[in-house]
Amino acid sequence: MTQRTDVVVVGGGQAGLAAGYHLRRQGLDFVILDADASPGGSWQHMWDSLHLFSPAEHSSLPGRLMPAQAGETYPDAGHVVDYLADYEKRYELPVQHGDRVGAVRRDAARLLVEADSGTWRARAVISATGTWTRPFLPTVPGRGLFTGRQLHTVNYRSPADFADQHVIVVGGGNSGAQIAADLALDGKVHVTWATQRPPRFLSDDIDGRALFDVATARRRALDAGHTDTGGVASLGDIVAVPPVRAARNAGLLTAKPMFAQLTVSSVQWDDGSYAGADAVIWCTGFRPALSHLAPLHLRGPRGHIPTDGTRALGEPRLHLLGYGDWTGPASATLIGAGRPARDAAGEIAHLLHS
Ligand code: FAD
């Protein structure tokens, strides 16, 4: 079955919904195709104790403030899922859940979007597929030998799954610090935290609000031709959210250097020391989920697609939203999703009306 529309948005997480909000304001006909069976994007898959690093009112999509969560300054992931589900309904966004896009191809004046629901002929496409479905695992000697459990951030749920076990948490970013803190504070799990370089905690008074401001200021400075100050990365890697702060202050969050190899049942450092392990949790990041765009042959260095703002340099009918700072300052955060979505919808409206 082939259907026609002005714009197909691929992905119905926060970035896709923000796109829908602005496409509607531009008066364009569009559909949002989302692989997940229910609303909420990747928030519905995150671990049980995860809380946002910003208060609700600083975690909002365009048009509607996120309501506060009773008893929580920093809302949990379930609250974000409820907010996104409500957002989708309130703005009557045409989201088709359980509809995965396999490929986007060029076909003369249209882009062909091949989805579970059939083929869509679109005049423009916004890709907003996030990174959650492309977990990254580093190559470490012996990874294939280890007979314990190996998980990535995406598979972690709660400390209850590791009672009385020795767990190695790998990674010095926010996920690594938060999961190590979650396990350590539980008291029933023996945790070793391994990081490639010593962990860099942001100062305790910095949360997502400040990060957004810093990311925006950096983009403005770069656009004005000033030298790069390093933006958010210059401040540190780990936001000291309350559980991280509690674990760190209790002395439970001291990192060891990255180990050199895994054996059948342990991890080993270069100096010959080792730690027995029942499980290794790789909190080693993500890559952009862009395989559906492979037929367009647009990929540049580091697996990214080169863009001017959100527009793909090699295909003016394609915009990318979310993913990371390379598609707009803090564009992969709740508060940062709105501005690039507005710009993309505006550019698409201009293109289709010219
Ligand atoms: P996603 O939420 O991943 O949504 C992508 C959607 O696209 C999904 O619904 C998926 O099903 C769909 N999809 C994927 N591939 C296809 C396909 N081929 N066809 C159709 N649909 C497809 N941000 C904050 O603002 N505050 C925070 O506190 C915060 N904490 C975070 C904590 C963690 C552990 C992580 C990983 C991220 C955090 N972020 C935070 C960053 C960011 O807000 C989230 O990653 C957010 O989920 C990104 O939204 P998105 O819409 O870009 O992608």
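So, let me start with a question: in what sense do strand 4 and strand 5 pair, and over how many bridges? They pair in the antiparallel sense, over six bridges. Before I go on, some housekeeping: this is a predicted model, where local features need pLDDT of at least 70 and side-chain atom pairs count only at pLDDT 80 or more, while totals for chains, interfaces and linings use all residues. Residues are numbered from 1 along each chain as its sequence is written, and side-chain values use heavy atoms, with hydrogens and water left out.

When I say strand or helix, I mean DSSP runs numbered from the N terminus, with at least two residues of E for a strand and at least four of H or I for a helix. Strands count as paired if DSSP finds at least two bridges between them.

Okay, back to strand 4, which is residues 101–107. Most residues other than glycine have a negative phi.

Strand 5 has another partner: strand 6, residues 118–127, pairs with strand 5 in the antiparallel sense over five bridges. There, L112 stands opposite R121 in strand 6. This is a hairpin too, with two residues between strand 5 and strand 6. Five of the six residues of strand 5 (residues 110–115) are buried, so strand 5 is largely enclosed by the rest of the structure. Buried means under 20% relative accessible area, exposed is over 50%, and partly exposed is in between, using a 1.4 Å probe and protein chains only.

Next, helix 2, residues 77–90. Its 14 residues at 1.5 Å each should span 20 Å, and the end C-alpha atoms are 20 Å apart, which agrees. The expected span, by the way, is 1.5 Å times one less than the number of residues. At the start of helix 2, a side-chain oxygen of D76 comes within 3.2 Å of the backbone nitrogen of G78. That's a polar contact: a pair of N or O atoms within 3.5 Å where, within protein, one must be able to donate a hydrogen and the other to accept it, and residues adjacent in sequence count only if both atoms are side-chain atoms. Just after helix 2, E92 takes a positive phi of about 45°.

Which residues of helix 2 are buried? They are A77, H79, V80, V81, Y83, L84, Y87 and E88. What covers them includes helix 1 (14–25) and strand 3 (95–97), with contact meaning heavy atoms within 4.5 Å.

Now the rings. A search of the whole structure finds 11 aromatic pairs. Rings of Phe, Tyr and Trp (its six-membered ring) pair if their centres lie within 6.5 Å; planes under 30 degrees apart are stacked, over 60 edge-to-face, and the rest tilted. Y21 and Y91 have ring centres 5.1 Å apart and planes at 85°, so that pair is edge-to-face. Y21 sits in helix 1 and Y91 in the loop between helix 2 and strand 3, so the pair ties together parts that are 70 residues apart in sequence. Y21 is buried at 11% relative accessible area, whereas Y91 is partly exposed at 22%. For contrast, Y156 and F162 are stacked, at 6.1 Å centre to centre with 20° between the planes. Y156 is buried at 0%, and F162 is buried with 0% as well. Ring pairs also link Y21, Y83, Y87 and Y91 into a cluster.

Last stop: the loop between strand 7 (149–152) and strand 8 (166–170), where D164 lies. Phi of D164 is near 65°, a positive value in a residue other than glycine, and D164 is exposed at 70% relative accessibility. Q165 lies in the loop between strand 7 and strand 8 as well, but Q165 is partly exposed at 22%. Leaving out residues up to four places away in sequence, what does Q165 touch? Its contacts are K188, V189, H190, D278 and A279. Q165 and K188 are 23 residues apart in sequence, yet 7.9 Å apart in space, C-alpha to C-alpha.
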